[in-house]
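Here is a short report on rings, contacts and strands. Look at the structure first, then read on.

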Amino acid sequence: MKKIIGIAAAIILLTSCGKNTEAKKTETKEIIKKTEIVKKVLFVLTSHSDLGNTGEKTGFWIEEFASPYYFLKDKGVEITIASPKGGRPPIDPKSELPDFQTPATKRFNEDQETQTILANTAKLANVNPDDYDAVFYPGGHGPLWDLAEDKNSIALIEAFYNQNKPVGAVCHAPAIFKNTKGTNGEPLVKGKKVTGFSNTEEEAVQLTKVVPFLVEDMLIANGGTYSKEADWSPYAIEDGLLITGQNPASSELVAEKLLQQLK
């Protein structure tokens, strides 16, 4: 009987040790997870809502926000959203049409938490680039009017670049490079491979004579080595810290390349 009791005690002890070991492993994993540095990305959206003198509205394109936003968020990236005026940035009404819905936009439409965050964007003038690891600009026609000329945005981009942090922009958002300069005083995109909404794509949406400038023409005029794929095809290009995408379908590709630089 004593022998049986002894064996039972030994089994209980070994089982307990096993459980303790597993518990310690789990605890260690949690500690490591908590001490991992969370990457922080700033999203900058347009505050401009008027489509030139057409009487129509514009803003940011939902897919170009939602696809990169959820891609990065699902990878554990912490995202802050800012805009020149702060508060709720305008959504291009055309991007809400059924033909332009994607899994990411549908997720956004059902995501009350993100919509609340979006309604309370930080004012760009109050943003400190030191607080973030990268910056990403979704497109839509709005940036052609405000972010391309916004002094706070220009200073922000130059600060990120000079701090060796990635700068991403998709579709019309490469308009942000119209007035940005490198430390040598030359346009930031000079000599760099870039892309953005093409002239043929702008012509296809019949806004060539409405927009203040064409993204493709501006990038070339600033010395960028512009390239593109067929209209509406996903295409993103990376040259050092600059990551640009051609059109809405390219937005997640830009986010993927940006995330790779953050690892």
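The charged end of lysine 165 sits over the ring of phenylalanine 160, 5.5 Å from the ring centre. The term requires NZ of Lys or CZ of Arg within 6 Å of the ring centre and within 35 degrees of the ring normal.

This is a predicted model: local features need pLDDT of at least 70, side-chain atom pairs count only at pLDDT 80 or more, and totals for chains, interfaces and linings use all residues. Residues are numbered from 1 along each chain as its sequence is written, and side-chain values use heavy atoms, without hydrogens and water.

Tyrosine 161 lies in helix α5. Helices (H or I, at least four residues) and strands (E, at least two) are DSSP runs, numbered from the N terminus. Tyrosine 161 is partly exposed, at 21% relative accessible area (between 20%, under which a residue is buried, and 50%, over which it is exposed; 1.4 Å probe, protein chains only). Leaving aside neighbours within four places in sequence, tyrosine 161 contacts Val167, Leu188, Lys192, Leu241 and Leu242 (heavy atoms within 4.5 Å). Its C-alpha atom and that of glycine 182 are separated by 8.3 Å.

Seven strands form an open sheet with mixed pairing, in the order β3-β2-β1-β4-β5-β9-β8. Strands pair if DSSP finds at least two bridges between them. The edge strands, β3 and β8, each pair on one side only. Strands β1 and β4 pair in the parallel sense over three bridges. Valine 41 stands opposite alanine 134 in β4.

| Element | Residues |
|---|---|
| Helix α5 | residues 151–162 |
| Strand β1 | residues 40–44 |
| Strand β4 | residues 134–137 |
| Strand β8 | residues 236–239 |
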